[in-house]
Structure formats: C-alpha cells, structure tokens
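Subject: Structure handover

Hello,

Here is the structure you will be working with. Please look through it first, then read the notes below.

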Amino acid sequence: PEVSQACMRPCAPDALPFIGRVETVEGAYVAAGHNCWGILWAPVTGVIMKELLLEGEAKTVDIAPFSPSRFLKKKEGRGKHMGSTELGEQW
C-alpha cells in the first residue's frame, strides 16, 4: 500500500518541551513537545513527573522554563481603558 507521512514533530515555538502542572485544569499535568529529543529527555522527564505527582514539586530541576502556561496571554496591563473601565484589547 502507498504510505504518506507528514513527519510533524511536537515542538513549542521556543523549542522547549512542556513539563509541569496545567494551571487551567485541576489535577492535570503534561510532559510533551520534546521534538526529536524525547528519547534523551525521557529519563529526566520521568524523574520530574514523579516528583510533581508524588512530592508536589520538582526538586531535581528548575522547571520554570518548561511551564505549560508560558504562552498563555497575560491580561494584566493590556488593553484600552476609559477611566477604571477596561475596554479590552484594540487591534
């Protein structure tokens, strides 16, 4: 049979994986987007996830750069205002 592939690799815009708690979903954690380096990242990612799930925080590595929420838009200080009334973002 004829086969076609797109060979898309999961990769964030900053080329770092997503590792950590999903802030918008209670009890959800993610470890994804390792691109072609998944096999090499697997051991430390496993340790990090074990620490997060069983101990409540990652102790082996500072995972702040890998935060799943790092690309979420922050609403503070953005958009137009009329006095104290927020009018939203204007594009």
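Asp14 counts as partly exposed, because its relative accessibility is 32%. For these labels, buried means under 20% relative accessible area, exposed means over 50%, and partly exposed is in between, using a 1.4 Å probe and protein chains only. This is a predicted model, in which local features need pLDDT of at least 70 and side-chain atom pairs count only at pLDDT 80 or more, while totals for chains, interfaces and linings use all residues. Residues are numbered from 1 along each chain as its sequence is written, and side-chain values use heavy atoms, with hydrogens and water left out.

Salt bridges

Asp14 is the partner of Arg70 in a salt bridge, with 2.7 Å between the closest N and O atoms. A salt bridge here is a side-chain nitrogen of Lys or Arg within 4 Å of a carboxyl oxygen of Asp or Glu. Arg70 is in the loop between helix 1 and strand 3 and Asp14 is in the segment before strand 1, so the pair ties together parts that are 56 residues apart in sequence. Arg70 is partly exposed, at a relative accessible area of 21%.

The structure has three salt bridges. One of them joins the side chains of Glu55 and Lys50, at 3.1 Å from N to O. Glu55 also forms a salt bridge with Lys59, where the closest N and O atoms are 3.4 Å apart. Through shared partners, Lys50, Glu55 and Lys59 are joined into one network.

Overall layout

The protein has one helix and four strands, and along the sequence they follow the pattern β-β-α-β-β. Helices (H or I, at least four residues) and strands (E, at least two) are DSSP runs, numbered from the N terminus. Of the 91 residues in the protein, 18% are buried.

A contact between two loops

Ser69 sits in the loop between helix 1 (38–55) and strand 3 (80–82). Is Ser69 buried or exposed? Ser69 counts as buried, because its relative accessibility is 11%. The side chain of Ser69 makes a polar contact of 3.1 Å with that of Glu23. A polar contact is a pair of N or O atoms within 3.5 Å; within protein, one must be able to donate a hydrogen and the other to accept it, and residues adjacent in sequence count only if both atoms are side-chain atoms. Glu23 is in the loop between strand 1 (18–21) and strand 2 (29–32). The C-alpha atoms of Glu23 and Ser67 are 9.5 Å apart, although 44 residues separate the two along the chain.

Cysteines

How many disulfides does the structure hold? There are zero, a disulfide being a pair of cysteine sulfur atoms within 2.5 Å. The sulfur of Cys11 has its closest cysteine sulfur in Cys36, at 8.3 Å, which is too far for a bond. Cys11 is partly exposed at 39% relative accessibility, and Cys36 is partly exposed at 41% relative accessible area.

Regards
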